[in-house]
Amino acid sequence: MAISVSFINMKGGVGKTTLAAQVAHAADKAGYKTLVVDLDPQSNLSQSLLTPEKYVRHLKQRKPTVVQIFDRYMPPSDEHESPREVDIHDVIVKKAGYWHHSRLDLIPSRLELSHSLKNPTGKERRLAKALAKVSDEYDLIIIDCAPTESILTEAAYFSSRYVLVPVKPEFMATIGLPLLARSIEEFNMENEDHQLSICGIVFNHSSSYSEGPEGRQSIKDVKAEAKRRDWHVFETHVHYSASYPKSAREGTPIGNTSYVRWEVTKEFSNFSSEFFRAIGLAEDK
Ligand SMILES: Nc1ncnc2c1ncn2[C@@H]1O[C@H](COP(=O)(O)OP(=O)(O)O)[C@@H](O)[C@H]1O
Ligand SMILES: [Mg+2]
(Lines give C-alpha, C1' and ligand atoms only; values in the text may rest on other atoms or scores of the structure.)
(Ligands and ions follow the chains in the order given, each with its own letter.)
Protein backbone atom coordinates (compact mmCIF):
# COMPACT_ATOMS: atom_id res chain seq x y z
CA MET A 1 0.00 0.00 0.00
CA ALA A 2 1.27 3.43 -0.89
CA ILE A 3 2.00 6.07 1.74
CA SER A 4 0.03 9.14 0.78
CA VAL A 5 1.04 12.68 1.66
CA SER A 6 -0.74 15.96 0.94
CA PHE A 7 1.29 19.15 0.63
CA ILE A 8 -0.83 21.77 2.37
CA ASN A 9 -0.59 25.29 3.67
CA MET A 10 -3.51 27.70 3.62
CA LYS A 11 -1.06 30.27 2.28
CA GLY A 12 -0.10 30.48 -1.36
CA GLY A 13 3.42 30.95 -2.69
CA VAL A 14 5.08 28.94 0.08
CA GLY A 15 6.43 26.23 -2.22
CA LYS A 16 3.82 23.45 -2.07
CA THR A 17 3.93 22.86 -5.80
CA THR A 18 7.69 23.32 -6.15
CA LEU A 19 8.40 20.84 -3.36
CA ALA A 20 5.77 18.39 -4.63
CA ALA A 21 7.41 18.34 -8.07
CA GLN A 22 10.94 18.01 -6.68
CA VAL A 23 10.06 15.37 -4.08
CA ALA A 24 8.29 13.43 -6.84
CA HIS A 25 11.40 13.51 -9.03
CA ALA A 26 13.57 12.51 -6.05
CA ALA A 27 11.27 9.59 -5.23
CA ASP A 28 11.25 8.52 -8.88
CA LYS A 29 15.03 8.59 -8.93
CA ALA A 30 15.26 6.66 -5.65
CA GLY A 31 13.14 3.90 -7.19
CA TYR A 32 9.91 4.56 -5.30
CA LYS A 33 6.95 4.06 -7.58
CA THR A 34 5.17 7.37 -7.23
CA LEU A 35 1.83 8.84 -8.21
CA VAL A 36 1.36 12.60 -8.14
CA VAL A 37 -2.12 14.08 -7.90
CA ASP A 38 -2.54 17.70 -8.89
CA LEU A 39 -5.51 18.97 -6.87
CA ASP A 40 -4.98 22.64 -7.62
CA PRO A 41 -7.16 24.07 -10.43
CA GLN A 42 -4.18 26.32 -11.28
CA SER A 43 -2.47 23.13 -12.51
CA ASN A 44 1.08 24.39 -11.99
CA LEU A 45 2.30 20.97 -10.95
CA SER A 46 0.86 19.31 -14.06
CA GLN A 47 2.65 21.89 -16.16
CA SER A 48 5.97 21.58 -14.40
CA LEU A 49 5.98 17.78 -14.62
CA LEU A 50 4.67 17.49 -18.17
CA THR A 51 6.16 20.79 -19.40
CA PRO A 52 3.67 23.50 -20.44
CA GLU A 53 3.67 22.35 -24.10
CA LYS A 54 2.75 18.74 -23.33
CA TYR A 55 0.18 19.87 -20.79
CA VAL A 56 -1.57 22.09 -23.34
CA ARG A 57 -1.52 19.19 -25.79
CA HIS A 58 -3.10 16.98 -23.12
CA LEU A 59 -5.96 19.44 -22.73
CA LYS A 60 -6.36 20.03 -26.45
CA GLN A 61 -6.68 16.29 -27.03
CA ARG A 62 -9.40 16.35 -24.38
CA LYS A 63 -7.64 13.75 -22.29
CA PRO A 64 -9.05 13.18 -18.81
CA THR A 65 -7.92 14.99 -15.66
CA VAL A 66 -8.74 14.82 -11.97
CA VAL A 67 -12.03 16.53 -12.87
CA GLN A 68 -13.30 13.17 -14.19
CA ILE A 69 -12.58 11.52 -10.85
CA PHE A 70 -14.92 13.99 -9.15
CA ASP A 71 -17.49 13.77 -11.98
CA ARG A 72 -17.24 9.95 -12.03
CA TYR A 73 -17.75 9.75 -15.75
CA MET A 74 -15.83 10.29 -18.95
CA PRO A 75 -17.52 12.50 -21.50
CA PRO A 76 -18.15 11.16 -25.02
CA SER A 77 -15.06 11.29 -27.22
CA ASP A 78 -13.91 10.21 -30.69
CA GLU A 79 -13.32 6.68 -29.43
CA HIS A 80 -16.40 6.39 -27.20
CA GLU A 81 -19.60 7.90 -28.45
CA SER A 82 -21.45 7.89 -25.16
CA PRO A 83 -20.37 8.82 -21.65
CA ARG A 84 -18.96 6.00 -19.55
CA GLU A 85 -17.97 5.44 -15.98
CA VAL A 86 -14.48 6.59 -15.16
CA ASP A 87 -11.70 4.12 -14.44
CA ILE A 88 -8.85 5.80 -12.54
CA HIS A 89 -6.36 4.04 -14.84
CA ASP A 90 -7.72 6.14 -17.73
CA VAL A 91 -6.94 9.34 -15.85
CA ILE A 92 -3.35 8.49 -14.91
CA VAL A 93 -0.62 9.84 -17.20
CA LYS A 94 2.08 7.19 -17.13
CA LYS A 95 5.79 7.97 -17.01
CA ALA A 96 5.36 11.67 -16.48
CA GLY A 97 8.82 11.93 -14.94
CA TYR A 98 12.04 13.23 -16.38
CA TRP A 99 14.19 10.15 -16.74
CA HIS A 100 13.91 7.68 -19.55
CA HIS A 101 13.08 4.89 -17.12
CA SER A 102 10.72 7.06 -15.10
CA ARG A 103 7.97 5.32 -13.17
CA LEU A 104 6.44 8.60 -12.04
CA ASP A 105 2.74 8.84 -12.85
CA LEU A 106 0.51 11.89 -12.74
CA ILE A 107 -3.15 12.71 -12.41
CA PRO A 108 -3.23 16.17 -13.96
CA SER A 109 -5.58 18.98 -13.03
CA ARG A 110 -7.32 21.67 -15.03
CA LEU A 111 -8.85 25.05 -14.36
CA GLU A 112 -12.40 23.69 -14.73
CA LEU A 113 -11.87 21.73 -11.51
CA SER A 114 -13.03 24.70 -9.45
CA HIS A 115 -16.11 25.09 -11.63
CA SER A 116 -17.04 21.42 -11.50
CA LEU A 117 -16.96 21.58 -7.70
CA LYS A 118 -19.42 24.40 -7.42
CA ASN A 119 -21.88 21.76 -6.35
CA PRO A 120 -19.66 19.65 -4.14
CA THR A 121 -22.16 17.66 -2.07
CA GLY A 122 -21.10 14.07 -1.71
CA LYS A 123 -17.92 14.43 -3.76
CA GLU A 124 -15.37 14.66 -0.95
CA ARG A 125 -14.60 10.93 -0.84
CA ARG A 126 -14.44 10.28 -4.57
CA LEU A 127 -10.71 10.87 -4.91
CA ALA A 128 -9.90 8.60 -1.95
CA LYS A 129 -12.14 5.86 -3.35
CA ALA A 130 -10.47 6.08 -6.74
CA LEU A 131 -6.95 6.11 -5.26
CA ALA A 132 -7.76 3.09 -3.10
CA LYS A 133 -8.07 1.10 -6.33
CA VAL A 134 -4.46 1.81 -7.33
CA SER A 135 -2.81 2.24 -3.95
CA ASP A 136 -1.20 -1.21 -4.19
CA GLU A 137 0.58 -0.18 -7.38
CA TYR A 138 2.57 2.61 -5.70
CA ASP A 139 5.01 3.25 -2.85
CA LEU A 140 4.15 6.93 -2.56
CA ILE A 141 1.23 9.16 -3.48
CA ILE A 142 1.84 12.92 -3.40
CA ILE A 143 -1.10 15.31 -3.49
CA ASP A 144 -0.53 18.98 -4.25
CA CYS A 145 -3.27 21.19 -2.83
CA ALA A 146 -4.66 24.64 -3.53
CA PRO A 147 -4.12 27.27 -0.81
CA THR A 148 -7.75 27.82 0.14
CA GLU A 149 -9.77 25.42 2.22
CA SER A 150 -12.51 23.81 0.16
CA ILE A 151 -13.95 20.44 -0.67
CA LEU A 152 -10.59 19.77 -2.36
CA THR A 153 -8.84 20.02 1.02
CA GLU A 154 -11.29 17.52 2.45
CA ALA A 155 -10.79 15.26 -0.57
CA ALA A 156 -7.04 15.47 0.08
CA TYR A 157 -7.55 14.63 3.78
CA PHE A 158 -9.62 11.55 2.94
CA SER A 159 -6.86 10.47 0.56
CA SER A 160 -3.90 11.02 2.89
CA ARG A 161 -2.06 9.52 5.81
CA TYR A 162 0.19 12.57 6.23
CA VAL A 163 0.27 16.29 5.63
CA LEU A 164 3.54 18.04 4.80
CA VAL A 165 3.46 21.76 5.53
CA PRO A 166 5.85 23.95 3.56
CA VAL A 167 6.36 27.28 5.33
CA LYS A 168 7.88 30.41 3.86
CA PRO A 169 9.77 32.26 6.61
CA GLU A 170 8.11 35.67 6.55
CA PHE A 171 6.05 38.01 8.68
CA MET A 172 2.83 36.29 9.83
CA ALA A 173 3.92 32.85 8.63
CA THR A 174 2.42 31.34 11.79
CA ILE A 175 -1.07 32.68 11.24
CA GLY A 176 -2.28 29.88 8.99
CA LEU A 177 -0.86 27.11 11.17
CA PRO A 178 -3.48 27.07 13.95
CA LEU A 179 -6.16 27.11 11.25
CA LEU A 180 -4.62 24.09 9.58
CA ALA A 181 -4.22 22.36 12.94
CA ARG A 182 -7.88 22.92 13.76
CA SER A 183 -8.98 21.76 10.34
CA ILE A 184 -7.03 18.49 10.72
CA GLU A 185 -8.21 17.98 14.31
CA GLU A 186 -11.82 18.42 13.24
CA PHE A 187 -11.34 16.04 10.37
CA ASN A 188 -9.90 13.39 12.68
CA MET A 189 -12.74 13.85 15.16
CA GLU A 190 -15.38 13.48 12.48
CA ASN A 191 -13.64 10.50 10.90
CA GLU A 192 -12.45 8.30 13.72
CA ASP A 193 -11.50 5.46 11.41
CA HIS A 194 -9.12 7.71 9.51
CA GLN A 195 -5.67 8.63 10.73
CA LEU A 196 -4.31 11.88 9.41
CA SER A 197 -1.29 13.62 10.86
CA ILE A 198 1.30 16.24 10.09
CA CYS A 199 4.61 14.59 9.18
CA GLY A 200 6.43 17.88 9.46
CA ILE A 201 7.04 21.48 8.63
CA VAL A 202 9.66 22.36 6.05
CA PHE A 203 11.05 25.85 5.71
CA ASN A 204 11.18 26.83 2.08
CA HIS A 205 12.75 30.18 1.28
CA SER A 206 10.75 30.95 -1.83
CA SER A 207 12.04 34.53 -1.89
CA SER A 208 15.55 35.78 -1.13
CA TYR A 209 13.89 38.20 1.30
CA SER A 210 13.07 35.33 3.66
CA GLU A 211 16.80 34.81 4.33
CA GLY A 212 16.89 38.16 6.23
CA PRO A 213 16.09 39.18 9.86
CA GLU A 214 12.33 39.04 9.27
CA GLY A 215 12.77 35.47 8.06
CA ARG A 216 14.87 34.51 11.08
CA GLN A 217 12.26 35.85 13.49
CA SER A 218 9.57 34.00 11.64
CA ILE A 219 11.52 30.73 11.86
CA LYS A 220 11.70 31.18 15.66
CA ASP A 221 7.96 31.81 15.86
CA VAL A 222 7.06 28.83 13.69
CA LYS A 223 9.40 26.55 15.63
CA ALA A 224 7.80 27.67 18.91
CA GLU A 225 4.34 26.96 17.50
CA ALA A 226 5.50 23.55 16.23
CA LYS A 227 6.94 22.68 19.63
CA ARG A 228 3.65 23.57 21.34
CA ARG A 229 1.80 21.28 18.98
CA ASP A 230 4.39 18.53 18.92
CA TRP A 231 4.99 18.84 15.19
CA HIS A 232 8.20 17.69 13.60
CA VAL A 233 10.27 20.40 11.90
CA PHE A 234 12.60 19.22 9.15
CA GLU A 235 16.20 20.06 9.81
CA THR A 236 17.05 20.82 6.20
CA HIS A 237 15.76 24.14 4.91
CA VAL A 238 15.15 24.53 1.22
CA HIS A 239 16.91 27.83 0.57
CA TYR A 240 16.21 30.37 -2.10
CA SER A 241 17.57 29.52 -5.53
CA ALA A 242 16.57 30.88 -8.91
CA SER A 243 16.97 27.30 -10.13
CA TYR A 244 13.58 26.35 -8.63
CA PRO A 245 11.43 28.55 -10.88
CA LYS A 246 13.73 27.53 -13.71
CA SER A 247 13.18 23.83 -12.97
CA ALA A 248 9.42 24.40 -13.24
CA ARG A 249 9.86 26.05 -16.62
CA GLU A 250 12.22 23.41 -17.91
CA GLY A 251 10.25 20.52 -16.40
CA THR A 252 13.43 19.23 -14.78
CA PRO A 253 14.44 17.74 -11.45
CA ILE A 254 16.46 20.36 -9.59
CA GLY A 255 19.71 18.47 -10.16
CA ASN A 256 19.14 18.47 -13.92
CA THR A 257 18.19 22.13 -14.21
CA SER A 258 20.54 24.21 -16.30
CA TYR A 259 23.36 25.95 -14.40
CA VAL A 260 22.11 24.68 -11.02
CA ARG A 261 24.66 24.96 -8.23
CA TRP A 262 25.86 21.75 -6.62
CA GLU A 263 24.90 22.96 -3.10
CA VAL A 264 21.30 23.47 -4.21
CA THR A 265 21.04 19.93 -5.57
CA LYS A 266 22.68 18.52 -2.47
CA GLU A 267 20.42 20.46 -0.13
CA PHE A 268 17.29 19.22 -1.84
CA SER A 269 18.57 15.68 -1.81
CA ASN A 270 19.13 16.02 1.96
CA PHE A 271 15.59 17.26 2.41
CA SER A 272 14.04 14.48 0.36
CA SER A 273 15.97 11.80 2.28
CA GLU A 274 14.78 13.34 5.53
CA PHE A 275 11.23 13.39 4.21
CA PHE A 276 11.30 9.74 3.07
CA ARG A 277 12.53 8.71 6.51
CA ALA A 278 9.87 10.80 8.29
CA ILE A 279 7.02 9.06 6.48
CA GLY A 280 8.57 5.62 6.94
CA LEU A 281 9.33 5.10 3.27
CA ALA A 282 13.08 4.75 3.56
CA GLU A 283 12.98 1.84 6.01
CA ASP A 284 11.90 -0.86 3.59
CA LYS A 285 14.45 0.00 0.91
N1 LIG B 1 13.26 27.60 -2.74
C2 LIG B 1 12.84 28.43 -3.70
N3 LIG B 1 13.70 29.30 -4.27
C4 LIG B 1 13.30 30.16 -5.24
N5 LIG B 1 12.03 30.23 -5.71
C6 LIG B 1 11.12 29.37 -5.17
C7 LIG B 1 11.48 28.43 -4.16
N8 LIG B 1 10.35 27.74 -3.83
C9 LIG B 1 9.36 28.21 -4.62
N10 LIG B 1 9.80 29.20 -5.43
C11 LIG B 1 9.02 30.01 -6.38
O12 LIG B 1 8.03 30.69 -5.62
C13 LIG B 1 6.79 30.71 -6.32
C14 LIG B 1 5.71 30.04 -5.48
O15 LIG B 1 6.04 28.67 -5.31
P16 LIG B 1 4.95 27.53 -5.45
O17 LIG B 1 5.66 26.23 -5.32
O18 LIG B 1 4.12 27.73 -6.68
O19 LIG B 1 4.08 27.82 -4.15
P20 LIG B 1 2.61 27.29 -3.76
O21 LIG B 1 2.36 26.03 -4.51
O22 LIG B 1 2.68 27.10 -2.28
O23 LIG B 1 1.67 28.39 -4.13
C24 LIG B 1 7.03 30.01 -7.64
O25 LIG B 1 7.33 30.97 -8.62
C26 LIG B 1 8.26 29.14 -7.37
O27 LIG B 1 9.02 28.91 -8.53
MG1 LIG C 1 0.76 25.51 -5.76
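Q: How many helices and strands does the protein have?
A: Helices (H or I, at least four residues) and strands (E, at least two) are DSSP runs, numbered from the N terminus. The secondary structure of this protein comes to twelve helices and eight strands. The model is a predicted one, in which local features need pLDDT of at least 70, side-chain atom pairs count only at pLDDT 80 or more, and totals for chains, interfaces and linings use all residues. Residues are numbered from 1 along each chain as its sequence is written, while chains are lettered from A and ligands numbered from 1 in the order in which they are written.

Q: What radius of gyration does the protein have, and what would a compact globule have?
A: The radius is taken over C-alpha atoms, and the globule rule is 2.2 Å times the number of residues to the power 0.38. For 285 residues the rule gives a value near 19 Å, and the protein has 18 Å, which agrees. The C-alpha trace spans about 60 × 45 × 35 Å along its principal axes.

Q: How is burial read, and what percentage of the residues count as buried?
A: A residue is buried if 20 or more other C-beta atoms lie within 10 Å of its own, exposed if 12 or fewer, and partly exposed in between, with C-beta atoms placed from the backbone. Of the 285 residues here, 44% count as buried.

Q: What percentage of the contacts join residues at least 24 apart?
A: Two residues are in contact if their C-beta atoms, placed from the backbone, lie within 7 Å. Among contacts between residues at least 6 apart in sequence, 76% join residues at least 24 apart.

Q: Which residues surround ligand 1?
A: A residue is near a molecule if its C-beta atom, placed from the backbone, lies within 6 Å of it. Ligand 1 is surrounded by 17 residues, of which K16, T17, T18, S206 and P245 are the closest. Helices α1 (16-29) and α11 (243-250) each supply at least two residues of this shell. For its composition, Ala, Val, Leu, Ile, Met, Phe, Trp, Tyr, Cys and Pro count as nonpolar, Asp, Glu, Lys and Arg as charged, and the others, Gly among them, as polar. The shell divides into six nonpolar, ten polar and one charged.

Q: Why is α1 described as largely enclosed?
A: In α1, 14 of the 14 residues are buried, so the helix is largely enclosed by the rest of the structure. Its length can be checked as well: the expected span of a helix is 1.5 Å times one less than its number of residues. For the 14 residues of α1 this should be 20 Å, and the end C-alpha atoms are 20 Å apart, which agrees. Just after α1, G31 takes a positive phi of about 90 degrees.

Q: Which residues of α10 are buried, and which are exposed?
A: An α-helix has 3.6 residues a turn, so residues three or four places apart point the same way. In α10, G215, S218 and V222 are buried. They cover an arc (that of the directions from the helix axis to the C-beta atoms) of only 60 degrees around the axis, which puts them on the same side of α10. On the other side of α10, P213, R216, K220, A224, K227 and R228 are exposed. The cover over the buried residues includes β7 (162-167) and β8 (197-203). Helix α10 (residues 213-229) has 17 residues and reaches 25 Å from its first C-alpha to its last, close to the expected 24 Å. D230 follows α10 with a positive phi, near 65 degrees.

Q: Where do M172 and Y259 lie?
A: M172 lies in the loop between β7 and α9 (176-190), and Y259 in the loop between α11 and α12. Neither is a glycine, yet phi is positive in both: about 70 degrees for M172 and near 60 degrees for Y259. M172 counts as exposed, with 9 C-beta neighbours inside 10 Å; Y259 also counts as exposed, with 7.

Q: Which residues does T257 contact, leaving aside its neighbours within four places in sequence?
A: T257 is in contact with S243, K246, S247, E250 and T252. T257 lies in the loop between α11 and α12 and counts as buried, with 23 C-beta neighbours inside 10 Å.

Q: Which residues does V264 touch, not counting those up to four places away in sequence?
A: V264, in helix α12 (residues 262-278), touches S241, S243 and I254. The C-alpha atoms of S241 and V264 are 7.2 Å apart in space, although the residues are 23 apart in sequence.
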